[in-house]
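Hi everyone, thanks for coming. Let me put the sequence and the structure up, and then I'll talk you through a couple of spots.

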There are 2 protein chains.
Amino acid sequence: MKVLVVGANGQIGKHLVSFIQDSDRLEAKAMIRKQEQASFFENVGAETVVVDLEDDIETIAGAAEGVDTIVFTAGSGPHTGKDKTIMIDLDGAVKTIEAAKVAGVKRFVMISSFDTRRQAIQDAPPSFAPYVAAKHYADEWLKRTDLDYTIIHPGGLTNDKGTGKVKVASELDRGQIPREDVARVIFASLENESTIGKEFQVVTGTTSVEEAVSSI
Amino acid sequence: MKVLVVGANGQIGKHLVSFIQDSDRLEAKAMIRKQEQASFFENVGAETVVVDLEDDIETIAGAAEGVDTIVFTAGSGPHTGKDKTIMIDLDGAVKTIEAAKVAGVKRFVMISSFDTRRQAIQDAPPSFAPYVAAKHYADEWLKRTDLDYTIIHPGGLTNDKGTGKVKVASELDRGQIPREDVARVIFASLENESTIGKEFQVVTGTTSVEEAVSSI
């Protein structure tokens, strides 16, 4: 199974590509924005493709040609200009979803924000609300397709070393999670068809990633 | 028929409320952001309600209580901060659409941008693209409801005095139109059920507004 990782050059993306390349059944294709970012992926034996999320649907669909699954883990992040929030976190995500349809890719794993429900937009501090709104509309768009989607809502991201232990549920108390463990959860979701059509929150916990994800 | 005008204090909104109050069959309720904006509307005999588009759906639904139609002509405009683009032009519009459902209002007239199709986002200059994207997603959200919608896509807005003469079609060459004439087109759309379930572009032309709108 070939997996296009959109946003591969982010920290979650790099961990994910490494996990995929270490596995037997999966192989990664890293979608990156600049050719200079390719060496990390070449070193782990992954194919790369240079496409910008501000490119059009057809260009993104070209990158998705021949893959079985798309993982969207790109993000302008909550602290970029709000123009990028709408152009990358919302429109870039929607274009990738539409590109999946064009390329005939059925499986789509979205890395979302911890809580993207309507009330979370309302409750967010003004500087953060546009990001939550962008993620909300991207998630809504995905849920209204007939793709085999999984939407992962990680808690506050840290750069700590992963523990491999998490807690997952449709609704959790806010918590943190290392990016490395988010990548493990994505990897486990790719291996686990019971996550299709589901969305869940995930934070650090006491259950192994594999067991937690199988329970969904 | 009572019409809630969202964004009443804008120039299109003020013209529209005046046209409605001058008519026999319609009456306007002006949704405004600040109590200080009320006097214009009181002078033309229109009811006012003070609600901010950053308020929640229930609050907006409260403003829509007892009305038959909602006209959304609010806008942060293309030159505000991009946080307002997503929070007002997209999320404020979607909340108003959801508020219509909550309040049982079936008819919804959206004032959009001239071209909000996918390709227009791609073709827009970078500083304008987030606004086009916000309007695109708001329009898409509306089209996916079962509300009796009309989406009006006016050309470049001017403050010139209206001519009462326009050209309408699903696709036109880019042109301009006075805000006063946009208000006339909205008013005619309210009077004309053939506009339900339709969207059209409009610029200054040679046909009377009433005749042009009836032809849709």
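First, a term: a polar contact is a pair of N or O atoms within 3.5 Å, where, within protein, one must be able to donate a hydrogen and the other to accept it, and residues adjacent in sequence count only if both atoms are side-chain atoms. Between chain B and chain A there are eight residue pairs in polar contact, both at pLDDT 80 or more. On the chain B side, H4(B) gives the most, with eight residues; helices here are DSSP runs of H or I, at least four residues, and strands are runs of E, at least two, numbered from the N terminus.

Some ground rules. This is a predicted model, where local features need pLDDT of at least 70, side-chain atom pairs count only at pLDDT 80 or more, and totals for chains, interfaces and linings use all residues. Residues are numbered from 1 along each chain as written, chains are lettered from A and ligands numbered from 1 in the order written, and side-chain values use heavy atoms, leaving out hydrogens and water.

Back to the two chains: there are two salt bridges between them (a side-chain nitrogen of Lys or Arg within 4 Å of a carboxyl oxygen of Asp or Glu). One of them pairs A:Asp91 with B:Arg118, with the closest N and O atoms 2.9 Å apart.

Now, strand E5 of chain B, residues 107-111. Five bridges join E5(B) to strand E6 of chain B, and the two run parallel.

Technical notes: Pairing = 2+ DSSP bridges.
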